[in-house]
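Let's take a walk through this structure together. Have the sequence and the 3D view ready, and follow along as we go.

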Amino acid sequence: MISTFDYDPEEIVSFEGHDVSLKEAVMRYRQSKAHPDVSADFSAIRDPGKIPQLFEAEHFEVLAALPEFERAD
């Protein structure tokens, strides 16, 4: 699946109504998954022309497993 879309960890995306880097969005996705009792929108909107234009939970699952998006702890 990763070969079907391009990504840049530093790319700015709109996630939960905030403009953040894709790396930050993946970190927030992980945090939200750790607290399933809190409702979260697992989608990030990208600039037009990017594929995919909308990252969803399935994309975040793939990105979270990549070395570029590893936790810093």
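Two strands count as a pair if DSSP finds at least two bridges between them. By that rule, E3 and E4 pair in the antiparallel sense over 2 bridges. Keep in mind that what you're looking at is a predicted model.

**Two helices meeting**

H1 covers residues 22–34 and H2 covers residues 57–64. The two pack with their axes 10 Å apart, at an angle of about 105 degrees. Angles of 65 to 115 degrees count as roughly perpendicular, so H1 and H2 are roughly perpendicular to each other.

Which residues make the contact? On the H1 side you'll find Leu-22, Ala-25, Val-26, Tyr-29, Arg-30 and Lys-33. H2 brings in Ala-57, Phe-60, Glu-61, Leu-63 and Ala-64. Sort the residues of this contact by type and you get 8 nonpolar, 3 charged and no polar ones.

**Salt bridges**

How many salt bridges does the model have? The count comes to 5. Here are some of them, with the distance between N and O:

| Pair | N to O distance |
|---|---|
| Lys-50 and Glu-11 | 3.9 Å |
| Glu-24 and Arg-28 | 3.1 Å |
| Glu-61 and Lys-33 | 2.6 Å |

Start with Lys-50 and Glu-11, a pair that links distant parts of the chain, 39 residues apart. Lys-50 sits in the loop between strand E3 (44–45) and strand E4 (54–55), while Glu-11 is in the segment before strand E1 (12–15). Buried or exposed: what is Glu-11? Glu-11 is buried, with a relative accessible area of 7%. Lys-50 is partly exposed, at 31%.

Glu-24 and Arg-28 stay within one helix. Because they are 4 residues apart in H1, about one helical turn separates them. Glu-24 is partly exposed, with a relative accessible area of 26%, and Arg-28 counts as partly exposed at 22%.

Glu-61 and Lys-33 bring us back to the two helices. This pair joins H2, where Glu-61 lies, to H1, where Lys-33 lies, and the partners are 28 residues apart. Glu-61 counts as partly exposed at 37% relative accessibility, and Lys-33 is partly exposed too, at 41%. There's also a network: salt bridges with shared partners join Asp-6, Glu-11, Arg-46 and Lys-50.

Most residues other than glycine have a negative phi, and most peptide bonds are trans. With that in mind, look at a couple of spots here. Ile-51 and Pro-52 are joined by a cis peptide bond, with omega at about -10 degrees. Pro-52 is found in the loop between E3 and E4.

The other spot is Glu-16, which isn't a glycine but has a positive phi of about 55 degrees. You'll find Glu-16 in the loop between E1 and strand E2 (18–21). At 33% relative accessibility, Glu-16 counts as partly exposed.

Conventions
Residues are numbered from 1 along each chain as its sequence is written. This is a predicted model: local features need pLDDT of at least 70, side-chain atom pairs count only at pLDDT 80 or more; totals for chains, interfaces and linings use all residues. Side-chain values use heavy atoms; hydrogens and water are left out. Axes are lines fitted to C-alpha atoms, for helices over the stretch in contact, and angles run from 0 to 180 degrees between N-to-C directions. Angles under 35 degrees count as roughly parallel, over 145 as roughly antiparallel, 65 to 115 as roughly perpendicular and the rest as oblique. Contact means heavy atoms within 4.5 Å. Ala, Val, Leu, Ile, Met, Phe, Trp, Tyr, Cys and Pro count as nonpolar, Asp, Glu, Lys and Arg as charged, and the others, Gly among them, as polar. A salt bridge is a side-chain nitrogen of Lys or Arg within 4 Å of a carboxyl oxygen of Asp or Glu. Buried means under 20% relative accessible area, exposed over 50%, partly exposed in between (1.4 Å probe, protein chains only).
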